Amino acid sequence: MTEFAPLSLHVPTRPSPQDNATIDTSRLSPAGAVRRPAVDVDPTEIHDLAYKLVRVLDENGEAQGEWAAALEPDVLRKGLRDMMKTRAYDQRMMRLQRQGLTSFYMQCTGEEAVACAFQSVLEKGDMNFPTYRQQGLLIAQDWPVVDMVNQILSNSADRIKGRQLPVMYSAKEAGFFSISGNLGTQYIQAVGWAMASAIRNDTRVAAAWIGDGSTAESDFHAALVFASVYRPPVILNVVNNQWAISSPQSIAGGERTTFAARAHGYNIPSLRVDGNDYLAVKAVSEWAVERARRNLGPTLIEWVTYRVAPHSTSDDPSKYRAKDASAAWPLGDPITRLKTHLIARGEWSEERSVQLEAELDQEIAAAAQEARGFGTLHDGPKQSPATMFEDVYKDMPRHLREQRQKLGY
Amino acid sequence: MPIDILMPALSPTMEEGNLSKWLKNEGDAVAPGDVIAEIETDKATMEVEAVDEGTLGKILIAAGTEGVKVNTPIAVLLEEGESAGDIGSSKASGSQSASGEAAASPVASVDNDDKATVSSAGDAGEKARRSTDEPSSQADNTKVPAAPKVDVAADPDVPAGTEMVSTTVREALRDAMAEEMRRDKDVFVMGEEVAEYQGAYKITQGLLQEFGAQRVVDTPITEHGFAGVGVGAAMSGLKPIVEFMTFNFAMQAIDQIVNSAAKTLYMSGGQMGAPIVFRGPNGAAARVGAQHSQDYAAWYSHIPGLKVVQPYTAADAKGLLKAAIRDPNPVIFLENEILYGQSFDVPKLDDFVLPIGKARIHKQGKDVTIVSAGIGMTYAVKAELELREMGIDAEIIDLRTIRPLDFDTILASVKKTNRLVTIEEGFPQNSVGDHIASQVMQRAFDYLDAPVITVCGKDVPMPYAANLEKLALPTVADVVEAVKAVTYRA
């Protein structure tokens, strides 16, 4: 009988505070190096793409390779504006939280390209099932900022009547499904929504959103099973921003493989993409949405990016990573990279950037001021207690009407 | 006028913090967004950012001051054109000494907040709830449990003359786990953020350092997954403590808890059981909305095979968690975020274990029986003080365990007082109170002088907005009204 040493448990190592870039640098492809397959490609022929990184913008801001599309300067300037507006919005909302006008906020700093570029390829009627870090989906479609701030302030004009945590927006008209506070639950719902679209012979597509950490939820795996079996028109987005609060992506299963590779067992085509490269995000999003619209089925995309901001206003990242951790991130900042590209093309300048930043700050400040006129968490007009009993059921049952009347409303 | 910089609330449940460091000195220019100080809470260290532009005129709270209440002025900011001589006109400086050595009690700004809240709620009784959950309520006397004016009956499980140590519920839970992990190497804890981060609510503080990463295990984000791993580990003979960041997320794991943990001993003919503790905060905290505010006491108490514990005091939290870890059955251990920071006397004993399934008479009385558990006890304790002023002598029973329920204690009390009111934050239908009322009706009908009243939350998902949230929860006024009704004093 063989003698075995006692067993011990493998626990993934955490990045040290000095070396915070959790990305495996062996999987960083140069810009332009990854091929662009046909949209009807056999998934088994592109397994290698799950271990590479689709990148378009190189270090000098030049667009490279098969994924580089001929885009009008106006389209790119709109992209830059969307990302800068998202960042300005985050900064203003953080300030509102610190002033006590709302209780909670979550920023998407460093991840703006993912939501903004993805939204730019959707059409009206398509539906996103977002997480709490895709405010860019609303901003990139020029959704009124004041409507978003009303939700943050939980005021009398809040379209969801003071019922949800700040940032848990819901706007059906904007193709923005109610954000769930419980992680992962909507991934499978997006698949169901897309199946319904196909059953009704509609033309609309769905986008599921999840973070690297939440891919551990069983909902993620259940979603892939259904997407594989019924091939509905859904884009399965995995935003790998390296951190789930304090847990690095290695804890979620990213230590020795990629999140994109998880699709292989389900025969779903998957790509791994530089999420800080607006041009790469836009090109791959277009590819995946075209597949969905042509009834070619689901696509899984891992967007590799970095959560520069704390998880939320209740988080303190200095406990688990260095203060300048994001500076070590090898894929740079999405706004800076697109700006550099536009300047290199002679379509933008530093001066225009500074001017636009000031303009956007003004615009967001004015919207926040307008929203404050409808009340804040603590002051001003509020939702009437009468609304509290509404929408529990489509028609209010007697016992709820009685409870409401007992309160005097 | 100079602007007061107030101690900020970094989360809705924060009540106080330590001012660990000033990063700006008096006389320094400050721009919006500048980090001016660092504060520590029981959860984290945070930076205080300036909101307004100006010059730091005076530091009112010295670096190193502990226990600074939220909204206390910590410094005065001078705007352009103002000098140190203007400081007297700020709100804070009029009401406290210039030395700034002690944490000032909250002043004008807090009173204003209170008025706004009370008038919008339109119900003076709401004040009671606010004192349990809102940082702005520090002017209220919230330390009811720490300095009890009620006559708390001696716990028969604690020998007379035992030395008592003031301990928070948070520390008591940590101590219970640490003691049991030292005592039994099969005990381990796992969950999201329990190791490196020391727990999302800092309950597992220090455990990773003492017991290492093999026994304090950070898991992937899948309640369904790690509850299942825990059940499997329990069936292999280990004694897992599974921490849910909140029981709201444990809905995802309900199949593992109900269909596997609770039923396998029975289904395997007694061969395989699951000695496991599922623990974490349960019920409403403050401003966390519908999906993060549910009280699951009634849900789990429905399931044969499970034990359900819901402690109120730190002593009960400690003694019952130790008992739960040793129990050969799966135990659902329901904590509460608002109670975590509250201090109670805990007996200093080497091995303090309390019996699961035994209620505690919190205060003896003769006119009415009030039954509650966990956070519900805070309403009972406050209502009792008001009732005493009306000449009503209430008996308060803290259930401590929801399943198995200690009907002996309840029935003995009802046979003495002939009146019963139950309190819980959960939804009304099929509530714990409903079950107690039905049992008392069947087992002590002839002793009842009035119908039992069950005080519960409203039958709606918890709204987020502060005014609506308060209305959705029971209030001390509800309890007083119920007692007046059953004692025919209305």
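I take a salt bridge to be a side-chain nitrogen of Lys or Arg within 4 Å of a carboxyl oxygen of Asp or Glu.

I am working on a predicted model, where local features need pLDDT of at least 70, side-chain atom pairs count only at pLDDT 80 or more, and totals for chains, interfaces and linings use all residues. Residues are numbered from 1 along each chain as its sequence is written, chains are lettered from A and ligands numbered from 1 in the order in which they are written, and side-chain values use heavy atoms, without hydrogens and water.

I looked up salt bridges between chain B and chain A, and the rule finds 1. A:Arg14 pairs with B:Glu196, and their closest N and O atoms are 4.0 Å apart.

I then looked up polar contacts (N or O atoms within 3.5 Å; within protein, one able to donate a hydrogen and the other to accept it, with sequence neighbours counted only if both atoms are side-chain atoms). The rule finds 14 residue pairs across this interface, both residues at pLDDT 80 or more.

Next I checked contacts (heavy atoms within 4.5 Å). I find 46 residues of chain B touching 54 residues of chain A.

Last came buried area, the accessible area (1.4 Å probe) that two parts lose on being put together, summed over both. For chain B and chain A this is about 4,100 Å². Carbon and sulfur atoms give 57% of that area. On the chain B side, B:Tyr197, B:Ile221 and B:Tyr464 lose the most area to chain A, together 17% of what that side buries.
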